[in-house]
Amino acid sequence: MKTEPVGLLFDMVRCAGCRKCIEACMDLHHFEGDPKHVTDLSATAYTSMIEKDDCSIRNLCRHCLEPSCVSVCPVGALQKTELGPVTYDVDRCIGCRYCMVACPFNIPRYEWDNPVPAIQKCDMCVDRLKAGEKPACVDACDYEATLFGTRTELLAEARARIAEDPDDYYDHVYGETEIGGTSVLFLAPKPEEALGYKEILGTEPLPGLTLKQLNRVPSIVVGGGAALMAIWWITNRRDEVAEAEGRVRPGGPKGSAGKDDHHEWN
Ligand code: SF4
Ligand code: SF4
Ligand code: SF4
């Protein structure tokens, strides 16, 4: 069956802050802990929530359309699927943690306590999607504050909600254009920098940026410049070699889902 790339819409205006989404995610992945206290991502929390100015703000992987985590991974452990989720293959991972440096939203977490550590992050419940189910956090939400659908459907729903209640919503769908677009979209009652979609990121996809431009990403600290230069060189060199050999690297800008992409689902 052909279908469009899918994603999630998180609506801060409708969110009741009940944290059932976090609980469902933790249950699904057998993570221990109290969802009420999950205020940041970790190796055992793929989604978190903070309260700010009477708003509950979810955090999770944005499943970027052109993910920088994918573009810097030297071994293709992270991939942008045509379905939408950015997935992770632990068997390929060499633990370099370049993805952690490159992500503009500071999403990937590392299993520091594990003797054989892996990267951990939301995969949009890709196995459930392939089985015809919705992500666990979506099923858990009683307020339609976390929605699942094709990205086209979610953008239409977001615009409809703004049009119906222009006083309640800030007229912007976060993730529609930022850094080339993301598969997770956000609605907010006001300009919300806590979402991480800071103006500094712009609308240009990060994988195409040079080292100088990558330094605009807030999560990249001083001292990471040399590492980024190495990443940039490695990934570009790998692309050049692949191109010379007539191969196409999985994931990255060339493998990313575009607005009009269609694919096999199931
Ligand atoms: S760059 Fe960050 S937010 Fe984007 S897909 Fe990768 S981990 Fe997720
Ligand atoms: S999509 Fe799945 S993995 Fe991601 S936050 Fe929701 S429940 Fe967790
Ligand atoms: S389950 Fe829905 S309403 Fe409850 S915190 Fe999550 S997004 Fe908000």
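In the classes used here, Ala, Val, Leu, Ile, Met, Phe, Trp, Tyr, Cys and Pro count as nonpolar, Asp, Glu, Lys and Arg as charged, and the others, Gly among them, as polar. With those classes, the shell around ligand 2 has eight nonpolar residues, two polar ones and one charged one. The model is predicted, and the points below are grouped by topic.

**Ligand surroundings**

- Ligand 2 sits in the largest cavity, and the residues that surround ligand 2 are C25, H29, Y46, T47, R58, C122, M124, C125, P135, A136 and C137.
- Around ligand 3 there are 13 residues, of which C15, C18, R19, C21 and C141 come nearest.
- The shell of ligand 3 divides by class into nine nonpolar, two polar and two charged residues.

**The setting of L41**

- L41 has its place in the loop between helix 1 (20–28) and strand 3 (48–52), and with a relative accessible area of 6% L41 counts as buried, because the limit for that term is under 20%.
- Apart from its neighbours within four places in sequence, L41 is in contact with Y46, T47, S48, N59, N106, I107 and R109.
- L41 and L60 are 19 residues apart along the chain, and their C-alpha atoms are separated by 7.6 Å.
- Two of the residues that L41 contacts, Y46 and T47, are also among those that surround ligand 2.

**Salt bridges**

- The structure holds twelve salt bridges, and one of them joins the side chains of D11 and R161, with 2.7 Å from N to O.
- D11 lies in strand 2 (residues 6–11) and R161 in helix 6 (residues 151–164), so this pair ties together parts that are 150 residues apart in sequence.
- Both D11 and R161 are buried.
- R128 forms a salt bridge with D139, in which the closest N and O atoms are 2.9 Å apart.
- Because R128 lies in helix 4 (residues 126–130) and D139 in helix 5 (residues 136–140), the pair ties together parts that are eleven residues apart in sequence.
- R128 is buried at a relative accessible area of 17%, whereas D139, at 48%, counts as partly exposed.
- E176 and R159 form a further salt bridge, their closest N and O atoms being 2.3 Å apart.
- E176 lies in the loop between helix 6 and strand 10 (184–187) and R159 in helix 6, so the pair ties together parts that are 17 residues apart in sequence.
- E176 is partly exposed, with a relative accessible area of 23%, and R159 is partly exposed as well, with a value of 43%.
- D11, R14, E144, E157 and R161 are joined into one network by salt bridges that share partners.

How values were computed: Residues are numbered from 1 along each chain as its sequence is written. Chains are lettered from A and ligands numbered from 1 in the order in which they are written. This is a predicted model: local features need pLDDT of at least 70, side-chain atom pairs count only at pLDDT 80 or more; totals for chains, interfaces and linings use all residues. Side-chain values use heavy atoms; hydrogens and water are left out. A residue is near a molecule or strand if one of its heavy atoms lies within 4 Å of it. Helices (H or I, at least four residues) and strands (E, at least two) are DSSP runs, numbered from the N terminus. Buried means under 20% relative accessible area, exposed over 50%, partly exposed in between (1.4 Å probe, protein chains only). Contact means heavy atoms within 4.5 Å. On a 1 Å grid over the protein atoms alone, a cavity is a set of points where a 1.4 Å probe fits but cannot get out, and a pocket is an open set with protein on both sides within 12 Å along at least five of seven lines; lining residues have an atom within 4 Å of a point. A molecule sits in a cavity or pocket if more than half of its atoms lie within 2 Å of its grid points. A salt bridge is a side-chain nitrogen of Lys or Arg within 4 Å of a carboxyl oxygen of Asp or Glu.
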